[in-house]
Amino acid sequence: MKRLFRQRRDISLLPNYILLIILILFALGPVVVVGFNSVKDAASIGRNPLGPPTEFKWQNFPQAWEIGNFSTTTRNSLILVVGTVTSVLALGGMAAYALARLKLPGGGLLMLYLLVGSSLPVQLFLVPLFFLWRHLGLVNNLFGLIIIYVAVHSPFAIFLLRSYLVGIPPDFEDAARVDGANEWQVFTVIILPLSWPAFLTVGLVVGLGVWNEFLLATVFLTEQHLFTVVTSYYNFTSRFSRDWSLTSAAAVMMIAPILILFLTLQRRFIAGLTQGGLKG
Amino acid sequence: MANSDQAAMPTPSAPLSRQDGRSPWKRRYRKYVVPWMFALPILLINIIVVIGPSLSAVYYSLTDWSGIGAGEFIGLENYRKILFSDMDYRRAFLNNLAWLAFFLTVPFAVSLFAASMLARIRRGSMFFRTALFIPYVLPAVITASIWRNLLSPTLGIGALLADWGISGLDVAWLGRPQTALISIAFVDNWHFWGFLMVLFLSAMQGIPPELYEAARIDGASRWQEFRHITVPGIRPTIVFMLLMVAIWSFLVFDYVWILTQGGPAGSSEVLGTLVYKQAFMRFEAGYASAIGLTMSLLAGMVISLFLYLRRRGWEI
């Protein structure tokens, strides 16, 4: 009887599965086509632009790597990601600790300030910031862009880390303080090891945001040797827009690391992103 | 009860306060200076990057300024131009409104539909959720380049359909003034809706299943369940996302810039691309600041409208 019921239930869900599979084809079909085209040559794309490849031209990858200058752009992007993520986690973590644990006097005002600051659009402060940064020699400077990314991403990081830290029982810290630890030691030795899941979530969201970021990277890094994978790919596609095989190979090399990381840590990614990490 | 708990609280930290009590200076140091030393670095960076330039944008919007040297103060002239004479601004603003209309309807319809399909199934639901979320983690440049090819009249989906005998779709979607903006919106939505779907799905999982069982016993159809249980059950999430999407709609830049740079012939220009062009290609930094400020005002008006309706007793 139970089995019959389950079967009936499964049958009644058949339309759901069919519609969801159609939506999956819509969502992933284009990604699959890029995978196909990354191993075709230009002529076979002309004959067969969307279907699976009949022969495999693996040289597309080294060629796109070379032309797209991927060794330089990957290095630049990694510097930006690592620099931003470590700074956001360190400085944002410190602020979150002060808010959650040290009863920061004026903490409510700081939260309000961060809330207002994080809702200001980039376009509002972009123009004066650019000319300020040029005045300070921070345009065309990876470090200069890292500072901007840290400022833009820190409110989200502080909110998320603070709400996590509030939930940690204070017993460990109090014990450490009784033993004579100062606040810095409490933060680094007690708090960080206890709250690594929240730090990892924030790191993933911020890292993805920086890796994918377009507007600020376009404005603040205009010299070719400083291009990120994203801005370089943008230039690459405007120069080689006719060559769909090369642009697809470059695209595959760009999204493969993102996809692998996303699929291995997808629960953490989705949880972090849906808590307000990145703009649509 | 609660009072006695609170009264018991200070005991564990009693040694701490004794330690603090050594000298008044040291106590003050621990109470005020140490916490602010933790919070100050990030606050300073945020002031320098976000708040300082935002405030100076207000001043620069009142100047004629090329970006170099000092600007000439011209009062409200930039705003007069925005309101009364700049046809580029007017068209960009109308395009932003069209964008708003698209994004307040299409992604919400698709993702509500998909989430309500997905909320009913158990087997494979994790797989579907992850797969539908993937477009959201791809960078805009990749999404844009994929769809530029898929929307091409010679190599894309339209050409394939024409081969199969379905003609009329093999047009230059991004190259014609009539279709450029809607095509960009379509591509951005391809990237965005999975995110919305996952948000709605997790909200739907918080609806008590008994409500659905009761509805089924009463003989409700699927549509009635959706209309009277699912939508009211996740209304806070829907309303909040409507608000966020409305704000984002005035700030859009990436997809428009990457796919068409506002063209052809300005047909897909939005305020975000107009700011970029004025500031970094036409070197009218003062005017660009004024446009940026109006974008923020539009976003602020959306928030105010939301708060006003809520205060008027709308259940949003």
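How much area is buried between chain B and chain A, and what share of it do carbon and sulfur atoms give? In this predicted model, the two chains bury about 8,200 Å² between them, with carbon and sulfur atoms giving 76% of that area. On the chain B side, the residues that lose the most area to chain A are F38(B), I42(B) and L155(B), which together make up 9% of what that side buries. Counted by residues, the contact takes in 97 from chain B and 91 from chain A.

Next come the polar links across this interface. Between chain B and chain A there are 15 residue pairs in polar contact, counting pairs with both residues at pLDDT 80 or more. The salt bridge count between these chains is just one. That salt bridge pairs R30(B) with E183(A), and their closest N and O atoms sit 3.4 Å apart. As for which element of chain B gives the most to the side touching chain A, that is α3(B), with 24 residues. Sorted by class, the side of chain B that touches chain A holds 70 nonpolar residues, 16 polar ones and eleven charged ones.

Where does α3(B) bend? The bend falls at I47(B) and comes to about 45°.

Back to salt bridges, this time over all chains: the count there is ten. One within chain A joins R101(A) to E173(A), with the closest N and O atoms 2.3 Å apart.

Most residues other than glycine have a negative phi, and most peptide bonds are trans. Against that background, the bond joining G263(B) and P264(B) is a cis peptide bond, with omega at about -10°. P264(B) is placed in the loop that runs between α13 (254-259) and α14 (271-280) of chain B. Chain B also has a positive phi at F283(B), about 55°, although this residue is not a glycine. F283(B) is in the loop between α14 and α15 (285-311) of chain B. In chain A, N140(A) is another non-glycine residue with a positive phi, near 55°. The loop that holds N140(A) lies between α7 (122-135) and α8 (142-166) of chain A.

How values were computed
Residues are numbered from 1 along each chain as its sequence is written. Chains are lettered from A and ligands numbered from 1 in the order in which they are written. This is a predicted model: local features need pLDDT of at least 70, side-chain atom pairs count only at pLDDT 80 or more; totals for chains, interfaces and linings use all residues. Side-chain values use heavy atoms; hydrogens and water are left out. The bend at a residue is the angle between axes fitted to the seven residues ending there and the seven starting there. Helices (H or I, at least four residues) and strands (E, at least two) are DSSP runs, numbered from the N terminus. Contact means heavy atoms within 4.5 Å. Buried area is the accessible area (1.4 Å probe) that two parts lose on being put together, summed over both. A salt bridge is a side-chain nitrogen of Lys or Arg within 4 Å of a carboxyl oxygen of Asp or Glu. A polar contact is a pair of N or O atoms within 3.5 Å; within protein, one must be able to donate a hydrogen and the other to accept it, and residues adjacent in sequence count only if both atoms are side-chain atoms. Ala, Val, Leu, Ile, Met, Phe, Trp, Tyr, Cys and Pro count as nonpolar, Asp, Glu, Lys and Arg as charged, and the others, Gly among them, as polar.
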